[in-house]
Amino acid sequence: MRVKLAAALLLVALGLAGCGAGAGDPSGASPAQLAPAKSLVYVELTVRPEGAQRTAVESALTRLLGHSPDAGIQRLAGKLFGHAGLNYSGDVAPWLGQRVGIVVTKFSRAGLGLIAPTTDPAAALKTFRQVLHVQLKSAAYAGIHYQECVDPTDRFALGKVGGNAVIAAPAVFRGIVDAYHGRSLSKASAFGSAFSAVPGTPLIRAYVNASGVGAALRTLLHQSRPNDVLPPSLQQLYGAALAKLHGTLGLSLTAAPHALTVAIHSSAAHSGHGGDVGSLPEQSWLALATGAFNLRPIEHALGTELGRNPSMQLALSHVRAKLGLSLLHDILPALGPLELSFQGTSALAVAGGLVIHPSNLPAAGRVVAAIHRLLSRSASLSVQGSRHNFTITKRGLPIPRVVVTETGGKVVVTVDESPAQALAPPTHLSASPRFAAARSQLPAGSRIPLFIDFRGLGQLLQGLPNFAGPHDQGILGVLGRLDYLVVGSSQSHGDLRLVLALR
């Protein structure tokens, strides 16, 4: 009985499985009009795409899967609804509209609700009752008559609100009625601005009150039983992370015939600069660049926990005995912003480079020296050079050749290319036509921390002699359907966009 409300919510949300079936005249209204103004989270699912959106979704899924998804979706729908004693075509399809909305006003069953715009609310409510199998009593609020569960341990309400079938915890149901009378989340300026930059018509969109979510999670942490609470140092780290949640977030998933796009917009101000791969080698099929990050809160939490946790002290003492390095004083301080790239589409031509900008150069030197010391002990590897500038090869083989060096305040690791090429490539990724095409899918001025060219990666794997098994061929089949993945961010505007392009 405890999970029946959640089961009913998921059941209707999974109506996405019916997107391949015809539907008469489903309602196309947005459930956001009934989302309570104090919602922490609002998620809207297009469970029955229509027109150009349906064509785009079917095209994208067919390209991604390699075949039409309709048959598989219908089988999954039959199983899902069958477990609930329902037949999709007879019990759900006649009333299911284009969209459903899920609202969360608190992180418990008492804060959940589902809104389903429909041309036949009575049929929808009949389906809900068929799933729930509980005794109901009549109730009313603000002129809306509805039904509420008699059992006080399984509280929920269901009824018609406008042209919508609603099932929710009682307090959430009343909040939905208030929204119907004019106090709706959709009327808040923050809600509209969260989706102002969304490309196309989203298949899924979500609104998150980040400030409210942070406060609610901090309250849950404080109310937890002693046995469920994190160690004090980790509580501080967790609380500090939650305290940084401000403003609102808008998230969306949009389908186009040749791409799937995830967009995130934050209303909170951001500082600093993210990484950008535009200056990495032009032929890179993998390019990654991180911005600056602050490890001091993690170092402080670990240091505090080490003072209280003998088992952790013992584990790290074993690591120090084997590597000669301290996690807190050597390894973590040696980290920093990095750039990583790989080029080449054949085993003999593959090359790559990793450039790290350590936050503490002496600590990075100790880590590099420890790597040199450990690898020099290997019977299968040949290590030549000093402990701060050395080359690694497999004994008897001239390639692959790995070079590790410290230069100009950086640590550089290269595979079959010189450190100079990794630091200053002759041509840049920004000059690549494929990279330019990917950049055009992002908001103007975006920095790009990640770019993957699946064509280049697929060519490399296809040419490997040991990459020929059935599982390997399946991987190649998937890569053959993907074009590229690009991630772009504009911190000044609080935007992040991920585009998966399909062939």
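Both faces of strand 2 are covered, with Arg99, Gly101 and Val103 buried on one side and Val100, Ile102 and Val104 buried on the other. Buried here means under 20% relative accessible area, exposed means over 50%, and partly exposed lies in between (1.4 Å probe, protein chains only). Since 6 of the 6 residues of strand 2 are buried, the strand is largely enclosed by the rest of the structure. Strands (E, at least two residues) and helices (H or I, at least four) are DSSP runs, numbered from the N terminus.

This is a predicted model, in which local features need pLDDT of at least 70 and side-chain atom pairs count only at pLDDT 80 or more, while totals for chains, interfaces and linings use all residues. Residues are numbered from 1 along each chain as its sequence is written, and side-chain values use heavy atoms, with hydrogens and water left out.

Two strands pair if DSSP finds at least two bridges between them. Strand 1 (residues 41-46) pairs with strand 2 in the antiparallel sense over 6 bridges, and Val43 has Ile102 as its bridge partner in strand 2. Strand 2 and strand 3 also run antiparallel and are joined by 4 bridges. There, Gly101 has Ile115 of strand 3 as its bridge partner.

**Nonpolar cores**

A nonpolar core is a set of buried Ala, Val, Leu, Ile, Met, Phe, Trp, Tyr and Cys residues joined through side-chain atoms within 4.5 Å. The largest one has 25 residues, and those with the most contacts inside it are Val92, Trp95, Leu96, Phe128, Phe156 and Ile167. At least two residues of this core come from each of helix 3 (70-83), helix 4 (88-92), strand 2 (99-104), strand 3 (112-117), helix 5 (121-132) and strand 7 (164-168). Helix 5 gives the largest share, 5 residues. Another core, of 23 residues, lies apart from it and includes Ala35, Val103, Ile176 and Val177.

**Aromatic pairs**

The structure holds 8 aromatic pairs. Rings of Phe, Tyr and Trp (its six-membered ring) pair if their centres lie within 6.5 Å; planes under 30 degrees apart count as stacked, over 60 as edge-to-face and the rest as tilted. Two of the pairs are set out below.

| Pair | Centre to centre | Angle between planes | Class |
|---|---|---|---|
| Phe191 and Tyr207 | 5.4 Å | 50° | tilted |
| Trp285 and Phe342 | 5.9 Å | 20° | stacked |

Phe191 in helix 7 (residues 189-194) and Tyr207 in strand 8 (residues 204-209) are 16 residues apart, and their pair links distant parts of the chain. Both Phe191 and Tyr207 are buried. Ring pairs also link Tyr42, Phe191, Phe195 and Tyr207 into a cluster. The charged end of Arg205 sits over the ring of Phe195, 4.9 Å from its centre. For such a placement, NZ of Lys or CZ of Arg must be within 6 Å of the ring centre and within 35 degrees of the ring normal.

Trp285 lies in the loop between strand 10 and strand 11 and Phe342 lies in strand 12, so their pair ties together parts that are 57 residues apart in sequence. Trp285 is buried, with a relative accessible area of 10%, whereas Phe342 is partly exposed at 25%.

**Individual polar residues**

Gln343 lies in strand 12 (residues 338-343). Gln343 is buried, with a relative accessible area of 9%. Its side chain makes a polar contact of 3.4 Å with the side chain of Ser284. A polar contact is a pair of N or O atoms within 3.5 Å; within protein, one must be able to donate a hydrogen and the other to accept it, and residues adjacent in sequence count only if both atoms are side-chain atoms. Leaving aside neighbours within four places in sequence, Gln343 is in contact with residues including Trp285, Val350 and Glu417. Contact means heavy atoms within 4.5 Å.

Ser266, in strand 10 (residues 259-266), counts as buried at 10% relative accessibility. The Ser266 side chain reaches the backbone nitrogen of Ala268 at 3.2 Å. Beyond its neighbours within four places in sequence, Ser266 is in contact with Thr248, Leu249, His493 and Gly494.

Thr290 is found in the loop between strand 11 (286-289) and helix 10 (296-308) and counts as partly exposed, at 25% relative accessibility. With neighbours within four places in sequence left aside, Thr290 is in contact with Gly275, Gly336, Pro337 and Leu338.
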